[in-house]
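I opened this notebook to record what I looked up in one structure. The entries follow the order in which I consulted it.

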Amino acid sequence: MTRQRRYEFDKKTRIEAFQRCNGHCEQCGNKILSGNGPEYHHRYKPATEPGSNTLDNCQVLCARPCHKLITDKESKPMQARTKRVFEKR
């Protein structure tokens with residue numbers, strides 16, 4: 001199976017997103033402290049789609065619990081489904 005390319009946020013986008021949220025997690029609202037983020041999540045378009053590394057698609061999260069919960073709830077099932085469909089072909 002070929003690995004898909006990931007479109008990561010560049011430094012400028014990460015800085016602008018962090019300034020937009022004023023250093024707080026955009027999920028729970030807690031201040032992001034050293035050792036717990038920030039982590040940058042692809043909100044609407046997954047990281048494997050071209051054009052997904054825009055400021056509008058960037059969500060600033062604390063590492064735990066927010067980013068872990070979102071990844072476990074949304075991203076992992078979507079990745080598993082994509083893999084199943086790919087392997088079926």
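Entry 1, terms and basis. I take buried as under 20% relative accessible area, exposed as over 50%, and partly exposed as in between, with a 1.4 Å probe and protein chains only. The model is predicted, so I note that local features need pLDDT of at least 70 and side-chain atom pairs count only at pLDDT 80 or more, while totals for chains, interfaces and linings use all residues. Residues are numbered from 1 along each chain as its sequence is written, and side-chain values use heavy atoms, with hydrogens and water left out.

I looked up the secondary structure, in which helices (H or I, at least four residues) and strands (E, at least two) are DSSP runs numbered from the N terminus. The protein chain has two helices and two strands, in the order α-β-β-α from the N terminus. Of its 89 residues, 26% are buried. I then looked up contacts, meaning heavy atoms within 4.5 Å. Among contacts with a separation of 6 or more, 61% are between residues 24 or more positions apart. The accessible area, from the Shrake-Rupley method with a 1.4 Å probe and, for residues, only the protein chains shown as cover, is about 6,700 Å² for the protein chain, with 49% supplied by carbon and sulfur atoms.

I searched for nonpolar cores, each a set of buried Ala, Val, Leu, Ile, Met, Phe, Trp, Tyr and Cys residues joined through side-chain atoms within 4.5 Å. The largest has eleven residues: Phe-9, Ala-17, Cys-21, Cys-25, Ile-32, Cys-58, Val-60, Leu-61, Cys-62, Cys-66 and Ile-70.

Cys-58 is in no disulfide, and its nearest cysteine sulfur, in Cys-21, is 8.7 Å away. Cys-58 is buried at 0% relative accessibility.

I counted four salt bridges, each a side-chain nitrogen of Lys or Arg within 4 Å of a carboxyl oxygen of Asp or Glu. Arg-6 and Glu-8 form one, at 2.6 Å from N to O. Arg-6 is partly exposed at 44% relative accessibility, and Glu-8 is partly exposed at 43%.

Lys-12 pairs with Glu-16, with the closest N and O atoms 3.7 Å apart. Both lie in helix α1 (residues 11–20), four residues apart, about one turn of the helix. Lys-12 is exposed at 56%, whereas Glu-16 is partly exposed at 32%.

Arg-43 pairs with Glu-26, with the closest N and O atoms 3.7 Å apart. This pair links distant parts of the chain, 17 residues apart: Arg-43 is in the loop between β1 (39–42) and β2, and Glu-26 is in the loop between α1 and β1. Arg-43 is partly exposed at 29%, as is Glu-26 at 27%. Salt bridges with shared partners join Arg-20, Glu-26 and Arg-43 into one network.

Definitions and conventions:
Disulfide = S-S within 2.5 Å.
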